[in-house]
Amino acid sequence: MRVVLLHNPASGSGSGPFGDELAAMLREEGAAEVACLPIAEGLAAIGPGVDRAVLASGDGGVGPAAEAAGAAGVPLAVIPSGTANDFARRMGLPDDPRQAARLAARGDQRRRLDLARMGDHPFVNVATAGLSGAAARPAAPLKRGLGPFAYFVGAGVTAGGGRALRCAVDVDGRRVFQGRAWQVMVACSGAFGAGSVIDEAEPDDGLLDVVVIEAGNRLRLVQYADALRDGRVTRQPGVLSARGARVSLGLPGQAELNVDGEVVPARTPITIAPGHFELVVP
């Protein structure tokens, strides 16, 4: 098996194995050839002559790797190496590096999954605007010291003083919401925020799930946060949901979204590419 290993030394706490160590693990598990490259360089190397792309990164690297692997018709394996690893958890991938390397090199089961895009920015989990997006900024510098707990600190900071977002949401050309919202989420796999999940979102149904938490009593944010942790947020009062293949967000100028853990400028529309890539799964 000929493997391109894409790694991101900046992801996670910095304490896990990266680069040459992971390449050695893949060889020990049976990969005959392993080209180890940083993600930015390695995406272009996924093509003819490659049997499998292996990504060692956090959630933010999965979308670009999945886009490149799917376009080349090459299966993608993921060695979770980030802070939250929400995608890996949602897909049941092992979090131990050795076990993940074994699956990446030997696994023969695959699952075909959708790929979402915000403009030309690919993602696999959730794009979210509002409080969750704002929480990503205070959380970012704390990740190396606090790990996933950094997300809870960021959420606490924004919940106490964050402002509601004025927005409009269209799904497949139909206006589903206009007004003030605490949070707007557009989900592919539905996993985000170090353990939050939108249960209704499926990563292989060819649709985006949209969830809007309408602005209201700030004290209810604790209730919404609990509901996001156990997947039942769409069943809470003041929450609306919709499903479609194309989502347009009307947001204030200079708005940003948290897209798979990365804060990026808002773009429109958000679309879905059904069955774009194959993931190696247990």
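**Figure 1. Secondary structure of the protein chain.** The chain has nine helices and 17 strands in this predicted model. Of its 282 residues, 54% are buried. Among contacts between residues at least 6 apart in sequence, 73% join residues at least 24 apart.

**Figure 2. Salt bridge between Glu278 and Arg110.** The closest N and O atoms of this pair are 3.2 Å apart. Glu278 lies in strand S17 (residues 270-281) and Arg110 in strand S5 (residues 109-118), so the bridge links parts of the chain 168 residues apart. Glu278 is partly exposed, with a relative accessible area of 22%. Arg110 is also partly exposed, at 44%.

**Figure 3. Salt bridge between Asp120 and Arg267.** The two side chains meet with an N to O distance of 2.5 Å. Asp120 sits in the loop between S5 and strand S6 (121-123), while Arg267 belongs to the loop between strand S16 (262-265) and S17; 147 residues separate them. Asp120 is exposed at 57% relative accessible area, whereas Arg267 is partly exposed at 35%.

**Figure 4. Salt bridge between Arg243 and Asp209.** Here the closest N and O atoms are 2.8 Å apart. The pair connects strand S13 (residues 239-244), which holds Arg243, with strand S12 (residues 208-214), which holds Asp209, across 34 residues. Arg243 is partly exposed at 41% relative accessibility. Asp209 has a relative accessible area of 5% and is therefore buried, the cut-off being under 20%.

Figure 5. The whole structure contains 14 salt bridges.

Conventions. Residues are numbered from 1 along each chain as its sequence is written. This is a predicted model: local features need pLDDT of at least 70, side-chain atom pairs count only at pLDDT 80 or more; totals for chains, interfaces and linings use all residues. Side-chain values use heavy atoms; hydrogens and water are left out. Helices (H or I, at least four residues) and strands (E, at least two) are DSSP runs, numbered from the N terminus. Buried means under 20% relative accessible area, exposed over 50%, partly exposed in between (1.4 Å probe, protein chains only). Contact means heavy atoms within 4.5 Å. A salt bridge is a side-chain nitrogen of Lys or Arg within 4 Å of a carboxyl oxygen of Asp or Glu.
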